[in-house]
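Here's a friendly walk through one protein model. Have a look at the sequence and the 3D view before reading on.

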Amino acid sequence: MVPQLEDLGDVHGKTVLVRTDFNVPMSGPDDARVIADDFRIRAALPTISWLTDRGAKVICASHLGRPNGKVNIKYSMVPIQNRLSEIAPGVVLLENLRFSSGEESNDPAFVAHLINGVDLYVNDAFGAAHRSHASIVGPPKSLPSAAGRLLQHEVEVLGEMRNNPKRPFVAVLGGAKVSDKIGVIDALSKVVDSFVIGGGMCFTFLAAKSFPIGDSLCEPDQISFCKKLLDSDLKIYLPEDIVGVDKDGNFATFGVRLPNGAKGLDIGPGSAAAFADIIMGARSVFWNGPMGMFEDVRFAAGTRTVAQAMSETKAFTVVGGGDSAAALAQFGFEKDVDHVSTGGGASLEFLELGDLPGLSALRGAPNVN
Ligand code: ADP
Ligand code: MG
């Protein structure tokens, strides 16, 4: 368990630093960015108003994108500050934490700067809680600390899924961050009964089975690891047909072998139907990572079929990851799953380990005994 807002004691007159996840989708030109979806800002309100209703002064802090330690107008928080002051007047939002290299390197001097004049710390950024960054693990070393409502809810839902799942428990994995995600399969196999693998990830597995994959996404240094997983007792379902483009860039449907120059950008209709069946037959399903490049309608069908199965199955369903959640919403199914997690990497790591650096930091805070 992690300390909750109630464990902060009297917050009246106190200054509270709230680590929020305002890494919201943005659009428009680099020097005039606009918020494409303010869901994450509105989602922080229960925690913010719990504090302000009780007389606390709230300072929010978040990262946005990957500015890599340098000030970059493209990643400025100003549009988000403006939106926040409309819905939570008087609440301060600091400039992008990742404008300072001290955030990702967890520099003690940056932590000291962040907590200067601050009395209490709240972490409500589940999507960043797997990172040992300054704003996540630094403040609880010296300040009374608590999880915000979003973080607390994530830990409850994912904790239940990890520790007490209804079986069969299926993990459906896809997306583009191949090396990040292949690495956790081994560890997740101690929790789930089987894996369904699509998206960019599946091509490293298909390559490990010696199928030609053309120019599809692949992580060559993970092939031997994938071979090992495929030779183990793990139940791993891979696509049996693929949709993508041929060497001339034209839309094409393939079997499991891609010709030279072809690129796989979605699972094929046969695979999508097979994956949907597995989801319908499961009692718990965790989904992270789109099945294809769903932003292009030609390659969205696999992701749509999986999203629909997630909405129709009687299983307990959790979707993790920004792009997976966006896909679910785009197809109109987000209300029909049990939980949409705000973290992709964080939710995978939590399922794997049952803990995150940001959570153990909260448990070590001076107000927790
Ligand atoms: P999430 O944000 O849900 O954790 P990721 O960020 O890992 O998911 O991956 C999402 C991205 O993966 C999407 O932008 C999608 O276009 C891309 N993607 C999925 N399948 C493929 C593929 N076969 N080839 C290239 N990109 C893919
Ligand atoms: Mg993503």
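What follows is a short tour, from the overall layout down to a few single residues.

## Ground rules

This is a predicted model, so to speak of local features takes pLDDT of at least 70, side-chain atom pairs count only at pLDDT 80 or more, and totals for chains, interfaces and linings use all residues. Residues are numbered from 1 along each chain as its sequence is written, chains are lettered from A and ligands numbered from 1 in the order in which they are written, and side-chain values use heavy atoms, with hydrogens and water left out.

## Two domains

The chain splits into domain 1 (5–152 + 356–363) and domain 2 (167–314), with bounds that come from an automatic or database domain assignment. Taken over C-alpha atoms, the centres of the two domains are 34 Å apart.

## The core

Nonpolar side chains tend to be buried together in soluble globular proteins. A nonpolar core here is a set of buried Ala, Val, Leu, Ile, Met, Phe, Trp, Tyr and Cys residues joined through side-chain atoms within 4.5 Å; buried means under 20% relative accessible area, exposed means over 50%, and partly exposed is in between (1.4 Å probe, protein chains only). The largest such core has 62 residues, and the members touching the most others are Ile185, Phe195, Ile197, Phe205, Leu206 and Phe286. Helix H9 (residues 202–208) gives the most to this core, with 6 residues. Helices (H or I, at least four residues) and strands (E, at least two) are DSSP runs, numbered from the N terminus. Both domain 1 and domain 2 supply at least three residues each to the core.

Now zoom in on helix H8 (residues 178–188), where the buried residues are Val178, Lys181, Ile182, Val184, Ile185, Ala187 and Leu188. They pack against strand E8 (169–173), strand E9 (194–197), H9, helix H10 (223–231), E14 and helix H14 (345–353). Leaving out residues up to four places away in sequence, Ile185 touches Leu173, Phe195, Ile197, Met201, Phe205, Leu229 and Leu234; contact means heavy atoms within 4.5 Å.

## A buried arginine

Arg33 sits in the loop between strand E2 (26–27) and strand E3 (34–35). Arg33 is buried yet has no salt bridge, and the nearest side chain of opposite charge, Asp30, is 4.4 Å away. For a salt bridge, a side-chain nitrogen of Lys or Arg must be within 4 Å of a carboxyl oxygen of Asp or Glu. As for charges, Lys and Arg count as positive and Asp and Glu as negative, while His and the chain ends are not counted.

What lies 2.8 Å from a polar atom of the Arg33 side chain? That would be the backbone oxygen of Gly28. Beyond four places in sequence, Arg33 touches Met26, Ser27, Gly28, Lys74 and Pro79.

Arg283 is in the loop between helix H11 (269–281) and strand E14 (284–288), and is partly exposed at 44% relative accessible area. Residues up to four places away aside, Arg283 touches Lys166, Arg167, Pro168, Ala315 and Phe316.

Two of those names come up again: the peptide bond from Arg167 to Pro168 is cis, with omega near 5°. Pro168 belongs to the loop between helix H7 (149–163) and E8.

Most residues other than glycine have a negative phi, and most peptide bonds are trans. Asn68, though, has a positive phi of about 55°, and is exposed at 56% relative accessibility. Asn106 also has a positive phi, near 55°, but is partly exposed, with a relative accessible area of 22%.

Notes:
A polar contact is a pair of N or O atoms within 3.5 Å; within protein, one must be able to donate a hydrogen and the other to accept it, and residues adjacent in sequence count only if both atoms are side-chain atoms.
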